[in-house]
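My notebook is open and I want to look up a few things in this one.

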Amino acid sequence: MKSEEFATAMEEKKLYTLLVYSENVAGILNQITAVFTRRQVNIESLNVSASSIPGVHKYTITAWSDEDQIVKITRQIEKKIDVVKANYFTDDQLFIRETGLYKLSTDKVLQNPEISRTVRKYEASITEVNPTYTIVMKNGVTEQIIELFRALDAFDCVLQYTRSGRIAVTRGMQEQVSEFLEQREKQR
């Protein structure tokens with residue numbers, strides 16, 4: 001592939017978030033991730049939890065892809081027998097949050113008041129302090145969490161850093177799976 005073609009292909013890719021709802025059945029996560037593997041699409045983040053509907057789990061999956069590919073992936077996932085509903089979204093269609101945890105050297109935090117000011121500037125919170133380390137937590141979007149990491153890392157005080165997978169809700173009044181389940185009940 002020529003460099004111009006590669007650049008064009010990369011420009012067409014966007015970060016999509018898939019919200020997948022399934023029955024709580026062992027092995028369904030493997031089936032869902034296998035769809036991405038077969039299409040050679042890397043999963044950026046994955047969060048699985050119980051949904052607001054009893055017996056239904058929610059998978060929040062992010063991946064860089066073009067729309068044609070993400071449509072195919074969503075359709076394949078929805079064909080799985082234990083999947084109730086699957087939809088893909090762009091960031092503007094969702095309310096999104098992640099959590100970042102930063103383990104800092106307590107000695108360096110105490111020696112440099114600028115570190116505490118940075119934590120406050122980024123609206124993060126100190127959740128634990130002991131003689132060895134200080135834990136800082138930041139909720140927000142990916143870019144904010146990474147920005148705080150870079151700011152703290154500049155002080156050479158970060159011992160460990162991690163961020164969660166994305167959690168998301170649609171901007172609509174109720175989850176689309178609720179509408180789907182209501183329609184399915186009416187058809188019975």
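This is a predicted model: local features need pLDDT of at least 70, side-chain atom pairs count only at pLDDT 80 or more; totals for chains, interfaces and linings use all residues.

I started with a rule: a charge sits over a ring if NZ of Lys or CZ of Arg is within 6 Å of the ring centre and within 35 degrees of the ring normal. With that I found Lys 103 over the face of Tyr 133, 4.5 Å from the ring centre.

Residues are numbered from 1 along each chain as its sequence is written, and side-chain values use heavy atoms, leaving out hydrogens and water.

Next, I looked up aromatic pairs (rings of Phe, Tyr and Trp, its six-membered ring, with centres within 6.5 Å; planes under 30 degrees apart are stacked, over 60 edge-to-face, the rest tilted). I got three pairs. Tyr 16 and Tyr 88 are edge-to-face, because their planes stand at 75°, with centres 5.8 Å apart. Tyr 16 is in strand β1 and Tyr 88 in strand β4, so the pair ties together parts 72 residues apart in sequence. Strands here are DSSP runs of E, at least two residues; helices are runs of H or I, at least four, and both are numbered from the N terminus.

Then I checked Tyr 16: buried or exposed? Tyr 16 is buried at 2% relative accessible area, while Tyr 88 is partly exposed at 26% (buried is under 20%, exposed over 50%, partly exposed in between; 1.4 Å probe, protein chains only).

Last, I noted Phe 149 and Tyr 161, a stacked pair at 4.3 Å centre to centre and 25° between planes. Phe 149 belongs to helix α6 and Tyr 161 to strand β8.
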